[in-house]
Amino acid sequence: MTMPSPATADRAASIIADYFRPPILVLEALAEPVADAIADELSRGSMSANKLDSLVAPFADQLFDTINAPVYGAGFIAALDLLSDSRSHLAWWQGAERRKLILAAQTVNKERIDYSELEWFRVPLFSGISHVAGPYVDYLCSDEYTITISTPVRVDGAFVGVLAFDLLIDSVERHLTPLLRDLGAHVTLVNGVSRVVVSTDAEWATGDVVRGGTIEGHTRVSCDGIALDVLVGNSR
């Protein structure tokens, strides 16, 4: 089977990097002022969930307003036991109206949610760097197929939570698919465990896992600075 041109694979990876890297840089740039605001409040004593919401709200608005991508949700997720009145808390706003997420009002099972093992929280905690998590069905917030991009926030070296934003897969597909289709090859974007994010190949849908035996004749290229790869194969 003829392999696709390396230049085509590199171009596909560049398209993905151009889409995701600028929002990640915006997120990382805001992490320091968020940390400063949290540090200032903690220096006065303990911090409540309501106070955290007040601190985070303007930064969430900046994520909505500054990122050149269709942000669905944005905010800060606190480290467990950071707050005085809640073991866990999401200072989070979402949707076109930027509504405050109130978990307990939706279901009692979410009131004391332990998100410490969720990928978008766990990986930045242990790696110390930003992470692209997904695609996954976000039962916690949107109930939609979602990508969450998160970055760790630290105060005096101690992890206090993650600053993050959500992109719905539907909006990502609408932007990326035409650009990738114009390359004249089948292009599939996968995450670190080879789960499909978007694809121009009808054989693969979002959420599918690409098995090793199914990528014969494809070129796999990492996207610079992002934990995502592209698989590029010739159109059939």
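Mentor: Arginine 98 is partly exposed, with a relative accessible area of 28%. Buried means under 20% relative accessible area, exposed means over 50%, and partly exposed is in between, with a 1.4 Å probe and protein chains only. Keep in mind that this is a predicted model: local features need pLDDT of at least 70, side-chain atom pairs count only at pLDDT 80 or more, and totals for chains, interfaces and linings use all residues. Residues are numbered from 1 along each chain as its sequence is written, and side-chain values use heavy atoms, with hydrogens and water left out.

Trainee: Where is the place of arginine 98?

Mentor: In the loop between strand 2 (90-94) and strand 3 (99-100). Helices (H or I, at least four residues) and strands (E, at least two) are DSSP runs, numbered from the N terminus.

Trainee: What does arginine 98 touch?

Mentor: Leaving out residues up to four places away in sequence, arginine 98 touches Asp61, Phe64, Asp65 and Trp93. Contact means heavy atoms within 4.5 Å. Tyrosine 72 is 26 residues apart from arginine 98 along the chain, and their C-alpha atoms are separated by 8.4 Å.

Trainee: Is the phi of arginine 98 positive or negative?

Mentor: Positive, at about 55°, although arginine 98 is not a glycine. Most residues other than glycine have a negative phi, and most peptide bonds are trans.

Trainee: Which aspartate has a positive phi too?

Mentor: Aspartate 143, with a phi of about 60°. Aspartate 143 is found in the loop between strand 4 and strand 5.

Trainee: And the peptide bond from glycine 134 to proline 135, cis or trans?

Mentor: Cis, with omega near 10°. Proline 135 lies in strand 4.

Trainee: New topic. What order do the strands of the six-strand sheet have?

Mentor: The order is 3-2-1-6-5-4, in an open sheet with antiparallel pairing. Two strands pair if DSSP finds at least two bridges between them. Strand 3 and strand 4 (131-137) are the edge strands, and each pairs on one side only.

Trainee: How many bridges pair strand 1 with strand 6?

Mentor: Seven, linking strand 1 (residues 71-78) and strand 6 (residues 158-168) in the antiparallel sense. Glycine 73 stands opposite aspartate 166 in strand 6.

Trainee: Which strands of that sheet does helix 1 touch?

Mentor: Helix 1 packs on the sheet and touches strand 1, strand 4, strand 5 (145-155) and strand 6. The direction of helix 1 makes about 40° with that of strand 5. Axes are lines fitted to C-alpha atoms, for helices over the stretch in contact, and angles run from 0 to 180 degrees between N-to-C directions. Helix 5 packs on the sheet too, touching strand 4, strand 5 and strand 6.

Trainee: What about the sheet of four strands, what is its order?

Mentor: That open sheet runs 8-7-10-9, and the pairing is antiparallel. Strand 8 (196-199) and strand 9 (218-222) stand at the edges with a single partner strand each, so one side of each is left without a neighbour in the sheet. From one strand to the next, the twist averages 20°.

Trainee: How many bridges join strand 7 to strand 8?

Mentor: Three, and strand 7 (residues 185-190) runs antiparallel to strand 8. Threonine 188 has serine 199 in strand 8 as its bridge partner. Helix 1 packs on this sheet, touching strand 7, strand 9 and strand 10 (229-234).

Trainee: Is strand 10 mostly covered or open?

Mentor: Mostly covered: five of its six residues are buried. Six bridges join strand 10 to strand 7, and five join strand 10 to strand 9. Strand 9 and strand 10 form a hairpin with six residues between them. In the turn, glycine 225 has a positive phi of about 75°.

Trainee: Last one. At what angle do helix 1 and helix 2 cross?

Mentor: Roughly 165°, and the axes of helix 1 (residues 6-42) and helix 2 (residues 49-66) come within 10 Å. Helix 1 and helix 2 are therefore roughly antiparallel to each other. The cut-offs: under 35 degrees is roughly parallel, over 145 roughly antiparallel, 65 to 115 roughly perpendicular, and the rest oblique.
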